[in-house]
Amino acid sequence: MSLIATTPALLDAEDGGGASLAEGLGVLPPVDWPPEDNGAQTRDWMRDLLTAHPDEPGYGSWYVVAAGRLVGICGFKGPPDIWGEVEIGYSMLEAEQRKGFGTEAARMLVARAFQDPRVGVVAAETLPALTASQTILRRNGFGAVQGYTHPELGEVLRFERRRPGVGATG
């Protein structure tokens, strides 16, 4: 499995659909595209993030490629903040779920984050009903911390994985 960093050109290709994106990536087209929560609004948000942080392209989104085909997307919600924290997310195509791609993508994001000495904490958020996502996080050494209530989504669970040797804040 490999991750390919998004670029403005790839986001433009993705606007044309999964086949167009796959052609731009040089991989087989996905079964279906886009994965959940990765529509046009998300791509616009990612374009803004890449524009706001041109020197930090690795802290955007990444396309997940396995067996020569596009299977999902993962990434960061931006570079480390002033507290040394980054937040990750991932979404695999429904037909590609439960094959280990989400777990491996999260593992690769954590490894990439901890290569940066500025990062002390990798965080992720999910909803209570998304038990598969919670399993992915636990398999990658994340622990549940205090969540919150979102006005539209309801209860949001927050998970964190700290760099070894970094204690809890508080």
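Tutor: Two strands count as paired if DSSP finds at least two bridges between them. Strands (E, at least two residues) and helices (H or I, at least four) are DSSP runs, numbered from the N terminus. This is a predicted model, in which local features need pLDDT of at least 70 and side-chain atom pairs count only at pLDDT 80 or more, while totals for chains, interfaces and linings use all residues. Residues are numbered from 1 along each chain as its sequence is written, and side-chain values use heavy atoms, with hydrogens and water left out.

The sheet is open and mixed in its pairing, with seven strands in the order β1-β2-β3-β4-β5-β7-β6. Its edges are β1 (2-5) and β6; each has a single partner strand, so one side of each is left without a neighbour in the sheet. Neighbouring strands are turned by 30° against each other on average, direction ignored.

Start with β4 and β5, which run parallel and are joined by four bridges. Here I88 stands opposite A124 in β5. β6 and β7 form a hairpin, and three residues lie between them.

Contact means heavy atoms within 4.5 Å; axes are lines fitted to C-alpha atoms, for helices over the stretch in contact, and angles run from 0 to 180 degrees between N-to-C directions.

α5 also matters for the largest pocket, giving seven residues, the largest share of its lining. (A pocket is an open set of points on a 1 Å grid over the protein atoms alone, with protein on both sides within 12 Å along at least five of seven lines; the probe is 1.4 Å, and lining residues have an atom within 4 Å of a point.) The lining has 46 residues, and E36, D37, G89, Y90 and S91 lie nearest the centre of the pocket. Among the elements giving two or more residues to the lining are the strands β3 (69-76), β4 (85-92), β5 (121-126) and β6 (143-150), along with the helices α3 (40-52), α4 (101-114) and α5 (131-139). By class, the lining divides into 19 nonpolar, 17 polar and 10 charged residues (Ala, Val, Leu, Ile, Met, Phe, Trp, Tyr, Cys and Pro are nonpolar, Asp, Glu, Lys and Arg charged, the others, Gly among them, polar).

α3 packs with α1 at an angle of about 170°, their axes 10 Å apart. The two are therefore roughly antiparallel to each other (the term applies over 145 degrees; under 35 is roughly parallel, 65 to 115 roughly perpendicular, the rest oblique). On the α1 side the contact has P8, L11, D12, E14 and D15, which meet R43, M46, R47 and L50 in α3. Four of these residues are nonpolar, none polar and five charged.

The axes of α1 (residues 8-15) and α2 (residues 18-25) come within 6 Å and cross at roughly 150°. That makes α1 roughly antiparallel to α2 as well. In this contact L10, A13 and E14 of α1 meet S20, L21, G24 and L25 of α2.
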